[in-house]
Amino acid sequence: LFEQGDTMQSGTFLCLLALIALPASIVALDNGLAPLPMMGWNTWCTDDYCGLFDYCYDKEIREMADAFVSEGLLEAGYNYIMLDDCWGGPRDANGELTADPKRFPNGMQPVIDYVHSKGINFGLYLCAGNLTCKYKRPGSWGYFDQDASTMAKWNVDFVKMDWCYHPSLSQKEVYGMFSESLNKTGKAIYFNLCGWGKEEVWEWAMPIGNSWRVHPDHLPIWWTKSGTGDIIERMAGLSPFAAPGGWNDPDFLMTGLFPFTHEESKTEFSLWALWAAPLVVATDVRGMSDWKKSVLLNYDVIAVNQDELAIAGDRVYNDTDGRQVWIKPLANGDFAVVFYNSDNLLPRKVSASFDEIFNVKINPRQPAANWPKNGGGRMKDLWAHKELGATSEWSYCYLSISEWGR
């Protein structure tokens, strides 16, 4: 029995562990772009409060590219900078998209070139309908081929396509059309479907895009509709639908954004990593605090997300009182484990034997663990960066997030 009942503290206590089992040899699939989940930054909650002020500008993007280098993000694997619904201007006389002339007075190309000069990929937001979601900028419906051609001409590496003011067609049809438009350009462009988790997107999106939103916009409040707790519940059971080339997208990371606490940010980052989800930070990465760096630059947790076996983690234990266990098999035979308490009022203790959870098959590509009854393993806490020794069973105490404990 492994028990650390003395480590309770304010906020959800979450432990991410690697446990040693029999080695497994699996060759990860290679489907071109996104063989592993992408990592990057988006403008959504920086110099803005998650789209509230609808703001991004030339100087900001250049500063973020500089911060990727100076803050160690690029070295850690973050290699995409993406602009959300904040950059667009009117179409020109030829119907081509342009950048907002006040925010990008020299157009978008110099900004893209600057980001590329730092060794970072560049992404832009488009919308599948006639207008975009914020302030009704020009949408792409009726201009799919032209807008895809513009993205390729500008040397854009990533496109997120939203779903506002959409035509009366299914998402599969509309997103499939734009996917074909991107393919016609001859340039490999990462395609993110932002259809808010409608129409069971995970069931059909793999041949169309590289990632797909499985939920409405992530609100930076844990216990509310569309908050982090809601997203966690949505992700349960989705592991079989993710694979190299296509990933379930729970939306942006809100690391450090008020009212998120340090513990909430660690919990969020741990689960996003375990899900093999895109790690896209939406908060300011310029001059990061030490604790923010301790989350976003945790190489042990990033390695779980980027593991070459490329199997998304999933939930294997869910008690009615809020106690949950999530696992992710890794290429070297280890398992990453997240202990999560979804109860927002009471602390809970989780206890489970290895064979009860590691022999659960969460993904058809998952190698059989064949964990022996009462078989032991070696454990490492990936937040404390500390080996915890060998044991056959564990119990962990942690305190959930209360209304006033954030």
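User: How many helices and strands does the protein chain have?
Analyst: The secondary structure of the protein chain comes to 10 helices and 17 strands. Keep in mind that this is a predicted model.

User: What share of the residues count as buried?
Analyst: Of the 406 residues in the protein chain, 58% count as buried.

User: Let's look at helix α1. What span should α1 have, and what does the model give?
Analyst: At 1.5 Å a residue, the 13 residues of α1 should span 18 Å. The end C-alpha atoms of α1 are 19 Å apart, which agrees.

User: Which residues of α1 are buried?
Analyst: They are D58, E60, I61, M64, A65, A67 and F68.

User: What do those buried residues pack against?
Analyst: The buried residues of α1 pack against strands β3 (39–42), β4 (80–83) and β5 (121–127), and against helices α2 (73–76) and α3.

User: How do α1 and α3 sit relative to each other, in angle and distance?
Analyst: Helix α1 covers residues 58–70 and helix α3 covers residues 109–117. The two pack at an angle of about 5 degrees, and their axes are 9 Å apart. That makes α1 roughly parallel to α3.

User: Which residues meet there?
Analyst: From α1 there are D58, I61, R62, A65 and D66. From α3 there are P110, V111, Y114 and V115.

User: How many of the residues in that contact are nonpolar, polar or charged?
Analyst: The contact of α1 with α3 has 6 nonpolar residues, 3 charged ones and no polar ones.

User: What is D58 in contact with, leaving aside its neighbours in sequence?
Analyst: Setting aside neighbours within four places in sequence, D58 is in contact with R103, F104 and V111.

User: How many salt bridges does the whole structure have?
Analyst: A search of the whole structure finds 22 salt bridges. One of the pairs is R323 with D321, where the closest N and O atoms are 3.0 Å apart.

User: What about E63, which residue forms a salt bridge with that one?
Analyst: R286 does, with the closest N and O atoms 2.6 Å apart. This pair links distant parts of the chain, 223 residues apart. R286 is in the loop between β10 (279–281) and α8 (290–296), while E63 is in helix α1.

User: How accessible are R286 and E63?
Analyst: R286 is partly exposed, with a relative accessible area of 22%. E63 also counts as partly exposed, at 23% relative accessibility.

Definitions and conventions
Residues are numbered from 1 along each chain as its sequence is written. This is a predicted model: local features need pLDDT of at least 70, side-chain atom pairs count only at pLDDT 80 or more; totals for chains, interfaces and linings use all residues. Side-chain values use heavy atoms; hydrogens and water are left out. Axes are lines fitted to C-alpha atoms, for helices over the stretch in contact, and angles run from 0 to 180 degrees between N-to-C directions. Helices (H or I, at least four residues) and strands (E, at least two) are DSSP runs, numbered from the N terminus. Angles under 35 degrees count as roughly parallel, over 145 as roughly antiparallel, 65 to 115 as roughly perpendicular and the rest as oblique. Contact means heavy atoms within 4.5 Å. Ala, Val, Leu, Ile, Met, Phe, Trp, Tyr, Cys and Pro count as nonpolar, Asp, Glu, Lys and Arg as charged, and the others, Gly among them, as polar. A salt bridge is a side-chain nitrogen of Lys or Arg within 4 Å of a carboxyl oxygen of Asp or Glu. Buried means under 20% relative accessible area, exposed over 50%, partly exposed in between (1.4 Å probe, protein chains only). The expected span of a helix is 1.5 Å times one less than its number of residues.
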